[in-house]
Amino acid sequence: MGNSPVSHHNYQLLKLNNTNAPPDDVTELSIPKTYYGRASPGGSMKRSRLKFSRYYPLLRRQLRQRTRRQILLASSVGLSLLLISITIFALIDRKNPRGLTNWVVLLPQQIMGRRDPRDTTVLKLASQSPEERVAQLEAIATRPKSLNRGRARYLLAVDAIAGQQGTEALRWLDKLEWEYPVLAGQIVLKRAQAYQLTGDKAQAQQAWQELLQRYGNQPVAAEALYAFKSDDSPYRKPKKESIAPKYASTISTSEQPWLAKIQQMYDFSAEEPKYWERALKNYPSHPRIIELIQQDLKDQPNQPELMLLLARYTFDQPGVTLVLDKLVSNYGESVDDKNRAIIQPKDWEAIALAYWKDRKYAQASAAYGNANPTPKHTYLGARGLQYAQKPRAAKLAYKKMVEEFPDAKETALAYLQLAALEPPIDKIPYFDQVIDHFPDRAAEALLAKAKTLEQLKSPNAAEQAYQLLIDNYSNSDAAADYRWQIAQEAAQNGDILTAWHNVQPILKDNPHSLIARRAGFWSGKWATQLGRKQEAEAAFKQVITNHIQSYYAWRSAVQLGWDVGDFSTLRQSSLTVNWPTVRPELPVGSAALKELYQLGQDQDAWSLWQGEFQTRLKPTVPQQFTDGLFRLAMGEYLKGISLVETLEDRETSQEQEQYQKIRKKPAYWQALYPFPYIEVIETESKKRNINPLLVISLIRQESRFEPNITSVAGAMGLMQMLPSTAAWVGQSINFNDYKLDNPNDNIKLGTWFLAHSHRVYEDNSAFAIASYNAGQGNVGKWLKGNEPIDLDEFVETIPFGETRNYVKQVLGNYWNYLRLYNPEFSQQLVDFLAQE
């Protein structure tokens, strides 16, 4: 047929049925090769397509009919093969028709039921207890097929498993993967767990097998692998065993050898290397795989490849450095059969980070010395020696770095650290190196140089350095710090006008610096004292606009007359609070992961996330945020809040853009200011007639919601109660059977004590919070009798830096909980920012 898309035989038939058919040469040349294959040169495509479609409609119609017949025939053959396959599998495994669903392509979700992701009916029930939500879930589960019905059935099954009701769970799980495919793998997992509860070992094993075979490329399959391979597995066999004998009575393999071949496909053993190799390739970071690795290392310790996996994926877990000690000592200088180092440079980086997090800084420094020789690794190696109290070795390492990487940005930090290790007389040359060669750090070095010159009794040289800082680096944080220092000195001397003038350049040149929030508020306070009401109002509004999350934004709102509570009214403020009931959608992760998270299935979602999250050494901004959300969900509030807070420290422009995008979402702020234990907080606050937002704000600062945390002073639990104080409070309220690591008990005692502190200071929250941290005796000394006092000045001049920062942090927390969760004020703030 050559290159013609229409065979000669078919074309002759077309000619017989079409008296208007053109001559052979015209038709052969008229059909464009692009219609079926490559385009013909010379622009003939448009011309031939026009001729083909416009002048020969009958030919086109006949070809179209022929194509339809071919499609119909192909569809019929495909459907027939599908039905035959289903029949064969049914013959092979008559007892497991459910397994057939995994061989059939799931129908589009539209066919299975209307699905609107904006419908959060079930998601709102995710935070409730099983007893609270069961009636509503059952009502939804009996409705027509929909996304909500699938969600309701899944939650009912999960709740039944949690209640040890395996049979009930199986009822809700029956064929659920058909209508809820996003969690198909999880549904099989739950089915296996439900069968285990019923004691049906055979069906449970079959479900585990299905999970491992059908969903083997998904991290959820790690659960099945663990079920078969863990030391305490009831399914573990010493050698491979075929499941074929179960069906010997139904299949005659001698008469039907083709069925025997199919039967061989079903021979199964979790001990087959392919399952383990697939897990190590696709989801080595899954906690179940990590457990199996640790199990294998106990049996056979000399497996460096498994030790390296622990280094990569468990560097932040307690005890991992014990394994790394063996890895480094036994294989630190070893090579494989191809003469390659067993521990590669990228692995040394993970090892260094693990030692660093465990505060083994000397080992971390040595590990960074074996990582890729980058400026960052070299700097961290020297810094590790400095933290390890080895100043001489640290200085040598810093000096070596500045020689090897003279232009790297980390070299400026090395010079500054060298200056920190030297006496004042020897610091100046290092500051000059930074000033001359690193403009991004020059202002910081100039400020440090000026202060050092003051120490050396060289006021003229110091003044020159300060002036150079102001003239050449006016918009730097260092210049802002210096100007604030001058303003404070003027205010302390009673020269309010000079103080006010000195902060104006900060607000103009450094409006987003950390010191600008403080300088802006005091600019407004001083302007008010000077009678400059318009300037004062502008300053307060600027603080709220540019530093909305700060303590000074709250103080500015108070000065503007907003109803946000003041030092003397916070305790008894009665506010409406709306705590979110639906979790946000995760920014990264699989569809199953996002679904589990929103359903509140924290343990399953956490395991899945760990299996998916394999770039832990260098996470992206969305990945770090997601990891923070999961830490919060798992009750690791200290770590979770830290992960979210440190997003702002990302350095590249792309990372900052991603951070700013996340920062605009409510989920970011809700992660920074979560509300665990809110039920008991509200209950105990109501008993003590104290604002629950004040209580949760204090808990966030005291313990970051970690119930088992203990301070160096011995304070324990959520509200950091000293045992002696707790005993006194317990005796006062006749509550002596308590445990300070119990959240309910700790909040009960701490809330009473916070209310007591308010009573002592006539409901003044500034004094009460300071007393909670520093003690009543110290606060009594600071108050200087009955002299009138400006409360803002009191907070700024608290002699203890820890207490001064503590009071600001607690009240700043209060402000953020108020603006996030009080609907009236949230709307007021939105309207204000829109106008500004």
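Hi everyone. Let me start with a term: a residue counts as buried when its relative accessible area is under 20%, and as partly exposed between that and 50%. Keep in mind that we are looking at a predicted model.

With that cut-off, take Phe-735, which has a relative accessible area of 16% and is therefore buried. Tyr-738 comes out at 21%, so this residue counts as partly exposed. The rings of Phe-735 and Tyr-738 have centres 6.0 Å apart and planes at 35°, which makes the pair tilted.

Now, how many aromatic pairs are there in the whole structure? The search finds 41. One of them joins Tyr-551 and Tyr-552 edge-to-face, with 5.0 Å from centre to centre and 75° between the planes. Tyr-551 is buried at 6% relative accessible area, and Tyr-552 is buried too, at 6%. Both tyrosines belong to a cluster linked by ring pairs, and its members include Trp-484, Trp-522, Phe-540 and Tyr-814.

Arg-288 lies over the face of Tyr-226, 4.1 Å from the ring centre. For Lys-229, the charged end sits over Trp-276, at 5.7 Å from the centre of the ring.

Helix H10 (184-198) and helix H32 (602-612) each give two or more residues to its lining, with H32 giving the most, three. Among the lining residues are Gln-186, Pro-219, His-286 and Asp-604. By class, the lining holds four nonpolar, three polar and two charged residues.

How values were computed:
Residues numbered from 1 in each chain as written. Predicted model: local features only at pLDDT ≥ 70, side-chain atom pairs only at ≥ 80, totals over all residues. Heavy atoms only, no water. 1 Å grid on protein atoms, 1.4 Å probe; cavity = no way out; pocket = protein on both sides within 12 Å on 5 of 7 lines; lining within 4 Å. Helix = DSSP H or I, 4+ residues; strand = E, 2+ residues; numbered from the N terminus. Nonpolar A, V, L, I, M, F, W, Y, C, P; charged D, E, K, R; others polar. Phe/Tyr/Trp six-rings, centres within 6.5 Å; stacked < 30°, edge-to-face > 60°. Buried < 20%, exposed > 50% of the residue type's maximum accessible area, 1.4 Å probe, protein only. Lys NZ or Arg CZ within 6 Å of the ring centre and 35° of its normal.
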